[in-house]
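Here's a quick briefing for anyone opening this structure for the first time. Have a look at the picture, then read on.

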Amino acid sequence: KKVSTKEWFVVASLEKSIVMLDSQFKVKEVVPFTRKDFEQAEGIAFDNQENLFVSSEAGDAESGMVYKMNKIK
């Protein structure tokens, strides 16, 4: 949950997208991604500056990754 806007962010690994929901859980935006972007996206989190982090399992790689996205407005 992004506290400042009360939006919810959901990673949909099978659908290969991040879904942004408003405080009433209505879809605001769907951001698609490819397997190249995130091998196997599994989790998301925000830090205290509201940067978004996406974790990805290893898939075919040797180890998993955590990707940082700068603050989402």
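Which side chains does a polar contact of 2.4 Å join? They are those of Glu7 and Lys28, where a polar contact is a pair of N or O atoms within 3.5 Å; within protein, one must be able to donate a hydrogen and the other to accept it, and residues adjacent in sequence count only if both atoms are side-chain atoms.

Keep in mind that this is a predicted model: local features need pLDDT of at least 70, side-chain atom pairs count only at pLDDT 80 or more, and totals for chains, interfaces and linings use all residues. Residues are numbered from 1 along each chain as its sequence is written, and side-chain values use heavy atoms, with hydrogens and water left out.

- Glu7 sits in the segment before β1; strands here are DSSP runs (E, at least two residues), numbered from the N terminus.
- With a relative accessible area of 8%, Glu7 is buried; buried means under 20% relative accessible area, exposed over 50%, and partly exposed in between (1.4 Å probe, protein chains only).
- Lys28 and Glu7 also meet through their side chains in a salt bridge at 2.4 Å, N to O, a term for a side-chain nitrogen of Lys or Arg within 4 Å of a carboxyl oxygen of Asp or Glu.
- That pair links distant parts of the chain, since Lys28 lies in strand β3, Glu7 lies in the segment before β1, and they are 21 residues apart.
- Search the whole structure and you find 1 salt bridge.
- Glu7 has another side-chain polar contact, with Thr5, at 2.8 Å.

**The three-stranded sheet**

- Three strands make an open sheet in the order β4-β5-β6, with antiparallel pairing; two strands pair if DSSP finds at least two bridges between them.
- At the edges are β4 (41–46) and β6 (65–69), each pairing on one side only.
- From one strand to the next, the twist averages 20 degrees, using axes that are lines fitted to C-alpha atoms, with angles from 0 to 180 degrees between N-to-C directions.
- β4 and β5 are antiparallel, with 5 bridges, and Ala45 has Phe53 in β5 as its bridge partner.
- The hairpin of β4 and β5 has 5 residues between the strands, and Glu50 in the turn has a positive phi of about 65 degrees.
- β5 (residues 52–56) is joined to β6 by 5 bridges, again antiparallel, and Leu52 stands opposite Met69 in β6.

**The β2–β3 hairpin and Pro32**

- β2 (residues 17–21) pairs with β3 (residues 27–32) in the antiparallel sense over 5 bridges.
- This hairpin has 5 residues between its strands, and Phe25 takes a positive phi near 65 degrees.
- Pro32 belongs to strand β3 and stands opposite Ser17.
- Pro32 counts as exposed because its relative accessibility is 62%.
- Leaving out residues up to four places away in sequence, Pro32 touches Lys16 and Ser17; contact means heavy atoms within 4.5 Å.
- Pro32 and Ala12 are 20 residues apart along the chain, and their C-alpha atoms are separated by 9.3 Å.

**The nonpolar core**

- The largest nonpolar core has 9 residues, including Phe9, Ile18, Phe38 and Leu52; such a core is a set of buried Ala, Val, Leu, Ile, Met, Phe, Trp, Tyr and Cys residues joined through side-chain atoms within 4.5 Å.
- β1 (8–12), β2 and β5 each supply at least two residues of this core.
- Phe38 touches Phe33, Val54, Ser56, Tyr67 and Met69, not counting residues up to four places away in sequence.

How values were computed
Helices (H or I, at least four residues) and strands (E, at least two) are DSSP runs, numbered from the N terminus.
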